[in-house]
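Subject: Structure handover

Hello,

Please find the structure below, for you to look at before reading my notes.

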Amino acid sequence: MSDTSRETKLNVAFVRLADTLTADFDVVDLLHTLVQECVDVLDTQAGGLMLSDAAGKLQLVASTSERADFVEIMQLNAGAGPCVDCFTTGKAVVVADVDASEAWPEFRTAALQQGFHSVYSTPMKLRGEIIGTMNLFRTSRGELNRADAEVAQALADVATIGILQERIIRESSIVTEQLQRALDSRILIEQAKGVLSQTANLDMHDAFTALRAYARSNQLTLRSVAERVIDRSLQINAGRLTGNSQRA
Amino acid sequence: MMGKSARAGAARPASQARRPNGEDLYSPFVDFLPVTGVSISVIGETGRQSTICASDPIAARLEELQFDLGEGPHWTAMHTGQPALVEDVTEGEHPEWPIFGAAVLRIGVGALFAFPLPMGAVTIGVVDLYRSTPGPLKPGAVATARSLAGWVAGPAARYAIQSAGAEIPAEMQIAPELRREVHQATGMVLVQLDTNATDAFFRLRAHAYSSGQTLHDVAHQVVTRQLDFRDLKE
């Protein structure tokens, strides 16, 4: 990618993120935007963002695909893969050739099956504490160049700040609270995807797209839409929404 | 920051996450809230509730009484999914729990605060807080208690599964109660049975238990549409 076109895309990415940060924004939505922008701007094809829960286990909070096979890769990655190594050491982990990596056999098999040949994991740090990791996947071999790696880190830093700003800081426990809230939002979203999948006969990826499209077009948070879908006070007209749905 | 245990938890890498003990689970509540004691209970595989930890004998006794009598703020929080706050148990009538209301006066407790343990829209258990003297929880403390309840819900559910001596398959060890398909299946089953999220989740668990499968296996069958709870006999 030429420098100019990347710079333009990068500006667009930061503007989109800034848009997400205004008013009553939803942290899952922000992280989803972030990982999508990263993949669009950088030479990568898929991405997933993991946050640490109360037990120090990594949970997938946002990804470019909600399909089961990609989610599975990320879960294996959190168990034994570059993602958990990045989280443990607090340093970026570069896997230039997944096929040649021997440390994580299950992750390697799953990643190769999905056509991913290189991976880049970068930490999300807040005041020296590692709160999660951003993971970018490529279908080609090789390392991310230094400029792209710096962009990835800058975008990950924006997401970290976003988690802090979701609500006004009122207590020192804010970081842990926000992490907790993001993880709990993610569970609500999964439950709401199930409701929508059953009522509108959608797969889980399209169910997520429909939830997000509804939230965006009505200027609601993903979390509040999920809550209303689960308590059945909101019926989403999925026929209309599937027409708009984009495969991320 | 919420506390030492939470900080350590956030910084600790997943591969080295150790199994929490009961004290890890309840100590943030007594450390960060103006309460005397706490007990935490979760619903087990068979649908029965059990106390997984209590900070002192009075906290344990309060839980036991509410379980035996089937009434009290614990049950209000469990059934409504909302906190049940009783700032003075000695004052006024408590029509929702007359027997417990009389019994609790003999224990020497001033205030009771019950918070649901949330897993998305599912309530998986309750944390019961008590104070020896009457008095309200301030809004900030209520917010902190809610946040702590959310924080403890996952580890508490995991702790309950592990304490029960159940063998946990390797695929479940990543995050037994947090696999996405479990939450997705909860949403599907609540539509299939026209019920709420908590009931749907425990129907999933009960079916897994009675058929000798893991929760994740059953959830997978639901999500892949091999299993529909409308086809199951009661």
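This is a predicted model: local features need pLDDT of at least 70, side-chain atom pairs count only at pLDDT 80 or more; totals for chains, interfaces and linings use all residues.

Residues are numbered from 1 along each chain as its sequence is written, chains are lettered from A and ligands numbered from 1 in the order written, and side-chain values use heavy atoms, without hydrogens or water.

Chain B

Chain B has an open sheet of 5 strands in the order β2-β1-β5-β4-β3, with antiparallel pairing. Strands (E, at least two residues) and helices (H or I, at least four) are DSSP runs numbered from the N terminus, and two strands pair if DSSP finds at least two bridges between them. The edges are β2 (49-54) and β3 (84-86) of chain B; each has a single partner strand, so one side of each lacks a neighbour in the sheet. From one strand to the next the twist averages 20 degrees; axes are lines fitted to C-alpha atoms, for helices over the stretch in contact, and angles run from 0 to 180 degrees between N-to-C directions.

β4 (residues 111-119) and β5 (residues 122-131) of chain B run antiparallel and are joined by 9 bridges. They form a hairpin with 2 residues between the strands, and Gly120(B) in the turn has a positive phi of about 60 degrees. Met119(B) has Val122(B) as its bridge partner, and Pro118(B) has Thr123(B).

β5(B) also pairs with β1(B), antiparallel, over 6 bridges; here Val38(B) stands opposite Leu129(B). In β5(B), 10 of the 10 residues are buried, so the strand is largely enclosed by the rest of the structure. Buried means under 20% relative accessible area, exposed over 50%, and partly exposed in between (1.4 Å probe, protein chains only).

Helix α2 (residues 22-32) of chain B lies across β1 (37-43), β2 and β5, at about 130 degrees to β1(B).

Chain A

The domain assignment, automatic or from a database, gives domain 1 (3-166) and domain 2 (181-244) in chain A. In contact (heavy atoms within 4.5 Å) are 21 residues of domain 1 and 17 residues of domain 2 of chain A.

The whole structure has 0 disulfides, a disulfide being a pair of cysteine sulfur atoms within 2.5 Å. For Cys83(A), the nearest cysteine sulfur is that of Cys86(A), 6.9 Å away. Cys83(A) is buried, at 0% relative accessible area, and Cys86(A) is buried, also at 0%.

Regards
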